[in-house]
Amino acid sequence: MNWNDWLPLLLIACSLVPGLIIFGLAEQRVRLRTTLNLSGSVINLLLVAWMLWGVYHGQHFETRLPLLPGLDLVLRAGPLSLLFVTLSAVLWLLTTIYAIGYLEGSPHRSRFFGFFSLCVSATIGVAMSGNLITFLLFYELLTLATYPLIVHRGTEVARHAGKIYLRYTLIGGGLLMFATVWLYTLTGSLEFTPQGFLHALGDEHRPALVMIFILFIAGFGVKAALIPLHGWLPLAMIAPAPVSALLHAVAVVKAGAFGIVRVVYDVFGINFATDLGVTAPLAWLAAFTILYASMRALYQDDLKRRLAFSTISQVSYITLGIAIAGPIAAIGGVVHLVHQGLMKITLFFCAGNLAETLGIHKISEMDGVGQRMPWTMAAFTIGVFGMIGAPPTAGFITKWYLGMGALEAGQSWVIWVLAGSSLLNAAYFLPILHRVWFRKPPKHWPEEHDFGRQETSWMLLLPPIITAFLALGAGLVAAAAFSPLAWAKLIAEREFY
Amino acid sequence: MGDFLLTMPWAVVLILLPLVGAIVCFLWPKNVNQLGLVTLAGVFLSVVGLGAWLLENGVYHHAVGGWNAPLGIHLYADGLSLVMLGITALVGLFVSVYATAYFDRVQSEQFWPLWLFLLTALNALFLSADMFNLYVTLELLGLSAVALVALAGGKAALNGAMRYLLASLLGSLLFLFGVALLYHTYGSLDLAILSEQIEASPTVWMALGLISAGLLLKTALFPLHFWLPPAHASAFSPISALLSALVVKASFYLLLRLWLELFWPISGSVAGLLGILGVMAILWGSLQALRQTRVKMLVAYSTVAQIGYLFLAFPLAMGAGVTAWNAVMYLAISHALAKAAMFMAAGNLLRFGGHDRIADLDQLAQRLPLTVAAFALAGVSLIGLPPSGGFIGKWLLLEAALMQGRWDLAVVIVLGGVLAAMYLFKVLGYAFTEASTPSKVTAVPVRMEWAALLLASGAILLGFLAPLILPLLAIGTPFDAFSSAQEVMS
C-alpha cells in the first residue's frame, strides 16, 4: 500500500467529509461552515494539481476495494478522469464562493451546503470510476444528492420538479443497472479499458450488444438530456442559482455525457461500436437534439429556462463529437466537456446575479441592464459569444474541431448542423445582448437590492468574471501544453492509436 | 478467553438467555428496561461467540442433554442460521434501545416479557433441526407476535391483531398437518434423517403443500398478505419494526430451509409458482403502497412488495444456484435493517406531529432531520440504489435472472425498484413542503432518532460488507442441499 493507492479516495473525502460535518452544524455557524467548505475545495484543488502532474509523468493513481466476489470498487485517475475532475474541482471552488454570497441570510443553509458537497463528491466519483459498477454507484448517488437541492425551497412547484426529476433519472438508472448486469453476465468484466473490452466476444452476441448499447444510451441520455429524455431539466431550474449553475449546467448533465463517452470509448471501444453500427444513429440523435433544443430556446422568456434549453443543445455537442467516430471530432467532443462547463456556468452565474440584485428573471425585463451591472453583463457577453462559437472563445475551438473532424470522417452533413446551431444560438442570444447594451433601462428594477458602490456583492461578481476569463483563455491559449485542448488530444490519441 | 469462546454452548445460551430474561421481566417488572437491554446485549455477544465458533469449526450441532436424534432435541447452526441470528440480535438491540424511550412505564412492563419471548422463539427457530421443535417455535412466535400487536389497544389494533391471530393459527395448523403426514410416513422428525429418505410420493407432495401454504400465510406472500398491513400499521412502531423486520423473515427462513434440505429433490417443479406469486407481490404491494395516504400503511405495503423479492430466488436457484440464494439472503437482511429503521422513523414522526398523514408532513426535513435522514437512507436500500445492502442483493438477483435469460423476472426486479422509489420519495417530497394546517408538535427523544438513523446507516453500510458476509453465509454450504444433509449425518 502506498500513498498513490489512496489518493483517489482522499479526493472524494475532501468534499464528502466537510459535507457530512456541515449537516450537523447549527444554522448560524456561518464562519465554521465557510471555512470547512473552502478548505475542502482548496485541498481538493491541490490534490488534483498533484495528480495532474503525476499522470503527466506517467504515475498511476488507483484505489481498489472489494465490493462483491469478482467485482471491485475502483477509482482511477486517467487523463479522461482528470479532465472532468479538474473541471469539477475548479468550478466547485468558484461556485462555493458564489453560493455563500447568493444564499446569505436565507434559511436551511447547512442542509444546502451539505448536499452540495455530497453532489461534488458524487461527481468526482463519477469522473474517477474505473469500472461500470463504480460508475453506477456514484451516478445514482449524484441523483440522490441533487434531489434535496431541487426541492430546497420547499414550495409545491419545487416538490413537483423534484418528483419529475426522480422519475426520469431513476428510470434511467434502472435501465443502466439492467444493462450493466447484462453485460457482466456476458463478459464477466466491467473494467474500463481503452478501446473497449467487447471485441473479443463472439458474433452471436452482437444483437445483445446492440440492445445493451441502446439501454446505456437511454440510461445516460436522461442525465445528458438527449431529446426526448430532457423533460426534467427545464423544470429543475426551480432550484437556487448555484445549483442550476454547477449541477444542472455542469455536474449532472456532464455525468450523463461522460457516461456516454465512457461506454463508447472504454466499454465498447470506438472501432467496435462503429462496426456494430450504433454510432451513426447516436450522431443523428445528438444532431437532432442540438437543433430542436435551440429552436425551443428561441421561445423562452424566462432567462433560466432559455439557458436550460441551450444546455440541452450544447451538451449534445459532446455526444456528437464522440459519435462521429473520428479522432479529430473526438477531440472536439471531449474538450467541449470543459468548454461548455466554463461558458454555461458563466451564464448561469450572471442570471443568478440579475435575479439576486435586481429581481430580474425574464428576458423582457433586461432592457439596459448593462448600464446598471456592466461587469456582470460583460461576463455574460463573453459567455454568449462562446455559445455562438465566435473566435477566439473556447466555443470556437470546439466547433472547429467538430467541423474538421466531421469532414475528415466523411460526414459533411454535420457542418450544416453546426452552422444551423450557430445561427440559432445567435438568434436566441444576440437579441438579449441588444436589449442589455442598447436599450434604455427602466425607472425601477423589479426588486433592487443595494450593494453600495459595487454593482453587486463581490462574492457574486468574482466567480462569473473568473469563469468568463477562463472560457476566453481556453480559446486563446488552446495550443499551450496544459490547455483543455492538449488533454483532449492526449485522450483521443489513446483511444484511436 | 479463546477457549471460553469455543467451549461455551452458545446455541443453548441463545435460547435460554432471552427465556430467562422474559421470565425475570415478568416477575420483577421494576427495572424492565435495564434488564431487557442487558439481555439483548447478552444475546448479541452470544451470537458473536457462536460466529467465532462457526468460523473456527464449521457447522455447529449440539444434542441437548447428550441425547441424539431421533430421541433427543438437536440444535444445529450453519452460516444461514448464523446470519439470521445475527440480524435478529442487531435489529433487536436497536429496537430495544428505541423502545426504552418509546414506551411509558406500564407499557414497557407489558412489552418486555412479550418481546423477550418473541426473541426466544426466533432464536430457537433458527437453531432447531427437527420438525416438531420448529412447529413449537413457530407457534410461540406467532402467539407472542399477536399479543404484541394487541398491546396498542384501540379498535384498529385489536382488529388487526385478531386477523393476525386467525391467519397465524391457520398457518401453524397447516404446518402441523404437514409435519404429522411426514411423521406418519417416515417415523422421524429430524431434518437430517428425513432428508435422507424423502422421495416423491402423494403423501410427501401433500405435506409439502400444507407446510408451504402454512408458511406462505405467515410470511404474507401475495395473495396471503391480507392480514399484514392492518396488523403492522396499527401496532406500536417498535413492534411494527420487529414484525416487519424479523417475524416474517423467520417463517421465510423456515420455508427456505425446508425447501433446501427436505423438499429440494421434488420441489423444483413448483418453484416457478412461488416465483409468479413473488412477482405479483412486488407489483401489487408497490401499487397499493403508492395509493396510501399514511406513512405507516405505506411502509407496511412496502413490506408486502419486498417479500415478493425473496421468492424470486426459488425459480432462479434452478440455474443460478448460490448466486440466487446469496441474493435473497442479502435482500432479507438489508430489508430487516431498512424496514426496522423505517418503522422507527415513522414512529418518530407520529410522535412529533401526532399523525402520519403524508401530505401534512410539514417541513420535517428541517424540523426532524435525523428522522427524515433515517427514512431516506432506509429508502435507498429498499429501492436498491447504491451504495446499500439492497443494491448488492438486487445486483446478485438480477445477475441470477439474466444469467439464465429470465427477462421477465429481470424486468420485474428493476421495475419494483422504480415503483419503490416512487412511493418512498412521495413521503420524502412532502417532508420538504409546508402543511396547510400546522399541527401541535411534541419533542421526540434523541435516542429514538439516533436508533432509527444508525440502523438505517447499517443498511447502507451493508453495501460495502458483501466480502465479509457472503463467506459467513457459506459456512456449512447451506445452499448445497445434498452435501449439507450429508454433513449433518456424519
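Where in chain A is the place of Pro392(A)? The first legend gives the answer; the model shown in every view is predicted.

**Figure 1. The cis peptide bond at Pro392(A).** Pro392(A) sits in the loop that runs between H15 and H16 of chain A. The peptide bond leading from Pro391(A) into Pro392(A) is cis, and its omega is near 5 degrees.

**Figure 2. The cis peptide bond at Pro387(B).** In chain B, the bond from Pro386(B) to Pro387(B) is cis, with omega near -10 degrees. Pro387(B) belongs to the loop between helix H16 (369–383) and helix H17 (389–403) of chain B.

**Figure 3. Chain A as a whole.** Chain A contains 19 helices and two strands. Its radius of gyration is 21 Å, close to the 23 Å given by the globule rule for 497 residues, so chain A is as compact as a globular protein of that length. Along the principal axes, the C-alpha atoms of chain A fill a box of roughly 70 × 50 × 45 Å. Of its 497 residues, 60% count as buried. Contacts between residues at least 6 apart in the sequence of chain A join, in 80% of cases, residues at least 24 apart.

**Figure 4. The side of chain A that touches chain B.** Here 25 residues of chain A are in contact with 25 residues of chain B. Strand S1 (62–68), helix H5 (132–150) and helix H6 (156–187) of chain A each supply at least two residues to this side of chain A. H6(A) gives the most, with 14 residues. Sorted by class, the side of chain A that touches chain B has 16 nonpolar, five polar and four charged residues.

**Figure 5. Helix H18 of chain A and the helices around its buried residues.** H18 of chain A covers residues 458–476, which makes 19 residues. At 1.5 Å a residue this helix should span 27 Å, and the 26 Å between its end C-alpha atoms agrees with that. Among the buried residues of H18(A) are Leu460(A), Leu461(A), Pro463(A), Pro464(A), Leu470(A) and Gly475(A). Thr467(A) is also one of the buried residues of this helix. The buried residues of H18(A) pack against helix H3 (79–102), helix H13 (327–358), helix H15 (374–388), helix H16 (394–408) and helix H19 (484–496) of chain A.

**Figure 6. Ala340(B) in the largest nonpolar core.** The largest nonpolar core has 406 residues, of which Ala340(B) and Ala341(B) touch the most other members. Helix H14 (residues 322–353) of chain B contributes the largest share of this core, 21 residues. Leaving out residues up to four places away in sequence, Ala340(B) touches Val91(B), Phe94(B), Val95(B), Ala241(B), Ala245(B) and Leu455(B). In soluble globular proteins, nonpolar side chains tend to be buried together.

**Figure 7. Ala225(A), with a positive phi.** Ala225(A) is a residue other than glycine with a positive phi, near 55 degrees. It is found in the loop between helix H7 (206–223) and helix H8 (232–236) of chain A. Ala225(A) counts as buried because 28 C-beta neighbours lie inside 10 Å, the cut-off being 20 or more.

**Figure 8. Ala325(A), with a positive phi.** Phi of Ala325(A) is near 65 degrees, a positive value in a residue that is not glycine. The loop that holds Ala325(A) lies between helix H12 (303–323) and H13 of chain A. Is Ala325(A) buried or exposed? Ala325(A) is buried, since 21 other C-beta atoms are within 10 Å.

How values were computed. Residues numbered from 1 in each chain as written. Chains lettered and ligands numbered in written order. Contact = placed C-beta atoms within 7 Å. Helix = DSSP H or I, 4+ residues; strand = E, 2+ residues; numbered from the N terminus. Nonpolar A, V, L, I, M, F, W, Y, C, P; charged D, E, K, R; others polar. Rg over C-alpha atoms; globule rule 2.2 N^0.38 Å. Buried ≥ 20, exposed ≤ 12 C-beta atoms within 10 Å, placed from the backbone. Expected span 1.5 Å × (residues − 1). Core = buried A, V, L, I, M, F, W, Y, C linked by C-beta atoms within 7 Å.
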